[in-house]
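Take a look at the structure first.

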Amino acid sequence: MKLLLLAIALFIASLTSFAQAPAGQYEQAMTEALVQFKPMNEKTPVADVLALANRFERIAEAEPTQWLAPYYAALCYSYLGYMNSDLADKDRALDKAAEWGSVAAKRTPDNDELHVLNAQIAQARLVVDPMNRWQTYGPMFQTELEKAGKLNADNPRIYVLQGSSLYYTPESFGGGTKAASPVLVKANEKFSNIKPNSNHHPTR
């Protein structure tokens with residue numbers, strides 16, 4: 001349980017109405033939205049996460065060249081894929097996550113953060129129905145993390161997702177606490193050296 005909480009804490013901590021807005025207005029809008037985003041955790045009300053996703057959507061629509069707003073919108077929806085209680089609601093949220101992830105990818109091709117995002121969405125889809133989805137989303141999860149690693153092996157979120165996946169994998173299939181622990185330790189080490197490109201980029 002301690003390892004699971006560590007994985008959740010590491011990942012969430014790592015992510016620290018408009019017309020076509022001038023740069024200063026975009027910066028302010030993102031800064032204000034991230035003030036709400038950074039303290040989010042598994043206890044945050046679903047309604048608050050949805051409201052924040054909608055806020056990032058509005059910024060993304062107002063700024064068609066910026067990728068971080070759709071990225072954070074997608075992240076919020078991916079969290080809802082874990083948080084919603086109804087299975088259909090989970091899938092609808094993950095559909096929105098994939099949609100906004102695609103928007104971000106068109107604005108910044110070959111971005112390691114977006115491959116990590118895709119891996120998280122695949123993992124969430126797998127969790128909705130593991131027995132029937134592992135053959136599709138298990139390989140997708142691994143492939144997206146491999147793509148992220150080739151672009152930036154120092155991205156700590158790669159190892160957070162790998163570690164959390166191993167934690168939930170039975171020991172008989174190569175997972176469990178002992179397998180997850182060194183990967184999560186590696187994630188923590190990577191976080192200690194992370195240097196975000198701006199105050200709006202994912203950070204510790």
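Q: What are the distance and the crossing angle between the axes of helix 4 and helix 6?
A: This is a predicted model. In it, the axes of helix 4 (residues 68–83) and helix 6 come within 9 Å. They cross at roughly 20 degrees.

Q: Why is helix 4 called roughly parallel to helix 6?
A: Angles under 35 degrees count as roughly parallel. The angle here is roughly 20 degrees. Therefore helix 4 is roughly parallel to helix 6.

Q: Which residues make the contact between helix 4 and helix 6?
A: Helix 4 brings Y71, A74, L75, S78, Y79 and Y82. Helix 6 brings E113, L114, L117, Q120, I121, Q123, A124 and V127. By class, the contact of helix 4 with helix 6 has ten nonpolar, three polar and one charged.

Q: Is the crossing of helix 4 and helix 6 left-handed or right-handed?
A: Helix 4 passes helix 6 in a left-handed crossing.

Q: What makes helix 5 roughly antiparallel to helix 6?
A: The axes of helix 5 (residues 87–107) and helix 6 cross at roughly 165 degrees. Angles over 145 count as roughly antiparallel. So helix 5 is roughly antiparallel to helix 6. The two axes come within 10 Å, and the crossing is left-handed.

Q: Which residues of helix 5 and helix 6 make their contact?
A: From helix 5 come L87, K90, D91, L94, D95, A97, A98, G101, A104 and A105. From helix 6 come L114, L117, I121, A124, R125 and V128. The contact of helix 5 with helix 6 divides into eleven nonpolar, one polar and four charged residues.

Q: Why is helix 7 called roughly antiparallel to helix 8?
A: The axes of helix 7 (residues 130–151) and helix 8 cross at roughly 155 degrees. The cut-off for roughly antiparallel is over 145. Therefore helix 7 is roughly antiparallel to helix 8. These axes come within 10 Å. The crossing of helix 7 and helix 8 is left-handed.

Q: Where do helix 7 and helix 8 meet?
A: F141, L145, A148 and G149 in helix 7 meet I158, L161, Q162 and S165 in helix 8. Five residues of this contact are nonpolar and three are polar, with no charged residues.

Q: How many residues line the second largest pocket, and which lie nearest its centre?
A: The lining has 17 residues. E113, N152, R157, I194 and K195 lie nearest the centre. Helix 6 (112–128) and helix 8 (156–168) are the elements that give two or more residues to this lining. The pocket has a volume of about 300 Å³.

Q: How do the lining residues of the second largest pocket divide by class?
A: Five are nonpolar, six are polar and six are charged.

Terms used
Residues are numbered from 1 along each chain as its sequence is written. This is a predicted model: local features need pLDDT of at least 70, side-chain atom pairs count only at pLDDT 80 or more; totals for chains, interfaces and linings use all residues. Side-chain values use heavy atoms; hydrogens and water are left out. On a 1 Å grid over the protein atoms alone, a cavity is a set of points where a 1.4 Å probe fits but cannot get out, and a pocket is an open set with protein on both sides within 12 Å along at least five of seven lines; lining residues have an atom within 4 Å of a point. Grid points are joined across faces, edges and corners, and a volume is the space filled by probe spheres set on the points. Helices (H or I, at least four residues) and strands (E, at least two) are DSSP runs, numbered from the N terminus. Ala, Val, Leu, Ile, Met, Phe, Trp, Tyr, Cys and Pro count as nonpolar, Asp, Glu, Lys and Arg as charged, and the others, Gly among them, as polar. Axes are lines fitted to C-alpha atoms, for helices over the stretch in contact, and angles run from 0 to 180 degrees between N-to-C directions. Angles under 35 degrees count as roughly parallel, over 145 as roughly antiparallel, 65 to 115 as roughly perpendicular and the rest as oblique. A crossing is left-handed if the near helix is turned anticlockwise from the far one by less than a right angle, and right-handed if clockwise. Contact means heavy atoms within 4.5 Å.
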